[in-house]
Amino acid sequence: MLIPVLIGMSIITFFIVHAIPGSPAKAILGERATPEAVERLEKSMGLNDPLYIQYFRYLGNILQGDLGTSVKTGRPVLEEIGPYLAATFELALFAMLIAIFFGVNLGIISAWRHNSTVDYGSMVIALIGVSMPVFWLGLMEQWIFAQELDWLPSNGRMDPRMFFEPITHFYFLDALIQGNFYALQDAFNHILLPAVALGTIPMAIIARMTRSSMLEVMRSDYIRTARAKGVGETLIIYKHALKNAFIPIVTVFGLQMGLLLGGAILTETIFSWPGVGRYLYDAIHSRDYAVVQSGILVVATIFVVINLIVDLLYAYIDPRIQYGKE
Amino acid sequence: MSMNAPTMPNQESVTETKPEQMDSPFRDSMRALLRHRSAMIGGGIILFFILIALIAPLLLPFGYNQIDADARLQAPSAEHWFGTDDFGRDIFARVIYGARISLWVGFFAITGSIVVGSVLGLIAGFYGGWRDTLISRFFDILLAFPAILLAIAIVAMLGPGLENAMYAIAIINVPTFGRLMRSRVLAVKQEDYVLAARAIGMKNSRILFRHILPNSWTPIMVQGTLGFATAVLEAAALGFIGMGAQPPEPEWGKMLSDSRAFIQSAPWTMVFPGLAIMLTVLGFNLLGDGLRDVLDPRMKQ
């Protein structure tokens, strides 16, 4: 199941990237290159071979762990993409934490105080959150919190004047390893605005999902039994009800991870976040073939794998779901 | 939103009306929809935007591309309600013309996705076999990409521009409708009336168009309304990163990205286009949720 999808994805990315108008050889040599020079380079890059040969060469390289070399920097994509991926992961993870924390709690409060003003208010917030364009929210945040109030920085992952040597490129981890708490604080300040922007839509969706699934569970017999025997409200909600309400929430989480990777492209553009979205976007603009096709493939593969993990998580959360029996 | 569950007026109205005014399920649904508060708010917002998009030229003293070098980056005033941008163009006029663009793109992109997705879904669900395998795998693969990333790649291939952005949005939304249609067809195919139709020797094409298609419409319509919201967002996103509408088209996403240079000096260049996007998307989301509550209670999650 996973393998055919991955192969299909590699075919689609390969052909889309090769259909992008403009010669990569020309992009390397510049506009004023002689046609002969362009032709020579195209030949040496193998761009004159039939497409299917180029595809199989590309596939063979991938299987050997060679994702190609960036034309712009001259470095292998595999080497280069790491820090960008780390930046995106850090951002997406943080956004997801925000989304889950606020989303789940908002949903619980709504379900608990069903049909009250609180419920109504939270659901209006959730509805506006779902409809909010990420990039507009990001700009508004920059305007209000970075420009007007001057509370938080509006760009990048860390103050460039900071003395900081990344090891894993997960800045939080790096700062902790080095015991550099000043850097940790700075990394936190930098991630806050983009993470909130990126996390808003998932938060809203998780809130709505939690609410409806909690409402269903709260009506069930075992909750009534728990109430009858005098279990406290907090315990009922967080221990008994939430556990069973979690299955649809996990589904949403899986779906949202993909949206998060997509939304990261926009968020990264706005906040100059050096993540994989911006890396790809720059590569498309400079016609860096190798980076575009491998980059898209890497992101899509991660997405597919996350969805697979989510599927497996179901079985763990809900023993009633079993795989391999269709 | 499911706060006000619609009451089905089924029983009373059927008994009260005369035979010639028999209630159809369609009329029932419409009546329930009219009673659905959030759906009506959503529908109202959409109608409002459609209306201003239609009568835009009558509303405005300024053209959306009327450049006025003396009125650059002016704050909102009685003359320029939403202020002016860096070319001295009236932002109110641009936002209103922007409604034309967004609705147009959303409508054609989603119509395209529905048509292509439905045809593929019908074939996959009705015929099954290798056709189903092929089409379903194709959907899986498309869905394996983060949508906006795939859209960017497609636009890069076709060349930046509003029309190509529309094609890209249509393509990335095809699997959603395709899968939905396929699952509906699979369900309807099992119904007794289809079996009966087959038993009396009805042809495949007739079964498809007379029975299966009409009975698969509801979820497609609901998903189409919600998909409209997504399409408007995606079009704005593509415009924002420069892959969609090109200057001087007054597209909302493009206006937002142009405003980035003036966040500090002229925040109104940013506030209004974004607000317009949000309201439009909100309208379609509200209406879509309402339609789902009314038409297809089973889909309610």
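View 1. An unreviewed UniProt entry assigns the annotation "transmembrane region" to residues 91-112, 124-145, 191-210, 245-271 and 291-317 of chain A; UniProt positions follow the numbering used here, feature names are shortened, and annotations may be inferred rather than shown by experiment. The model is predicted, with local features needing pLDDT of at least 70 and side-chain atom pairs counting only at pLDDT 80 or more, while totals for chains, interfaces and linings use all residues. Residues are numbered from 1 along each chain as its sequence is written, chains are lettered from A and ligands numbered from 1 in the order in which they are written, and side-chain values use heavy atoms, with hydrogens and water left out. Residues 191-210 of chain A are 100% helix and 0% strand, with end C-alpha atoms 26 Å apart, and residues 291-317 of chain A are likewise 100% helix and 0% strand, with their end C-alpha atoms 38 Å apart. Helices (H or I, at least four residues) and strands (E, at least two) are DSSP runs, numbered from the N terminus.

View 2. Over residues 99-288 of chain B the model is 82% helix and 0% strand, and the end C-alpha atoms lie 19 Å apart. Within chain B, residues 265-288 are 88% helix and 0% strand, with end C-alpha atoms 38 Å apart.

**View 3. The contact between chain A and chain B.** The contact, meaning heavy atoms within 4.5 Å, takes 47 residues from chain A and 44 residues from chain B. About 4200 Å² is buried between the two chains, and carbon and sulfur atoms give 79% of this area; buried area is the accessible area (1.4 Å probe) that two parts lose on being put together, summed over both. In chain A, the residues that lose the most area to chain B are F135(A), W136(A) and L139(A), which together account for 15% of what that side buries.

**View 4. The salt bridge between the chains.** Between chain A and chain B the count is 1 salt bridge, defined as a side-chain nitrogen of Lys or Arg within 4 Å of a carboxyl oxygen of Asp or Glu. R208(A) forms a salt bridge with D289(B), and their closest N and O atoms are 2.4 Å apart.
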